[in-house]
Amino acid sequence: MARTSNIFARVEPEIKEQAEQVLNQLGIPMSNAIGLFLRQIVLQRGIPFEMKLPEKVLPDCSAMTDEQFNAAITRGMMDLSEGKVMTSAQVADMMKRDYGI
């Protein structure tokens, strides 16, 4: 087994928890994901993704009141029942265009 070094990093607990949930679904331990990230930094000779401010900010559902959230869900359900739907490719294009994601 290759020698390893320890890395200690401070991260917001919510971000760590959300990342762990995603990584668990992918079957990748956090330490492996961090190792992959560092390897990509070496290979790319920089941060391995584009870093820029999004053109628009996604709405924060946690900042909505229950009434606002329920209204948004109701609008979404009405759009669905009226056939106002998009394919995943269309959503991806929109997110890239509108949010830089």
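## Helix ends and the residues that follow

Helix α3 is followed by Gly83, a residue with a positive phi near 80°. Helices here are DSSP runs of H or I with at least four residues, strands are runs of E with at least two, and both are numbered from the N terminus. This is a predicted model, in which local features need pLDDT of at least 70 and side-chain atom pairs count only at pLDDT 80 or more, while totals for chains, interfaces and linings use all residues. Residues are numbered from 1 along each chain as its sequence is written, and side-chain values use heavy atoms, with hydrogens and water left out.

Just after α4, Gly100 has a phi of about 70°. After α2 comes Arg45, with a positive phi near 60°, a value found here in a residue other than glycine. Arg45 lies in the loop between α2 and α3. Its relative accessibility is 78%, so Arg45 counts as exposed (over 50% relative accessible area; buried is under 20%, partly exposed in between, with a 1.4 Å probe and protein chains only).

## Helix lengths

The expected span of a helix is 1.5 Å times one less than its number of residues. For α3 (residues 66-81), with 16 residues, this gives 22 Å, in agreement with end C-alpha atoms 22 Å apart. Helix α4 (residues 88-99) contains twelve residues and reaches 15 Å from its first C-alpha to its last, close to the expected 16 Å.

## Overall form and surface

The chain has four helices and zero strands, in the order α-α-α-α from the N terminus. Its radius of gyration is 19 Å, well over the 13 Å that the globule rule gives for 101 residues, so the chain is more spread out than a compact globule. The radius is taken over C-alpha atoms, and the rule is 2.2 Å times the number of residues to the power 0.38. Along the principal axes, the C-alpha atoms fill a box of roughly 60 × 30 × 25 Å.

Buried residues account for 5% of the 101 residues. The chain exposes about 9,600 Å², of which carbon and sulfur atoms supply 58%; areas come from the Shrake-Rupley method with a 1.4 Å probe, and for residues only the protein chains shown count as cover.

## Confidence

The mean pLDDT of the chain, the predictor's confidence in each residue from 0 to 100, is 88, and 94% of the residues score at least 70.
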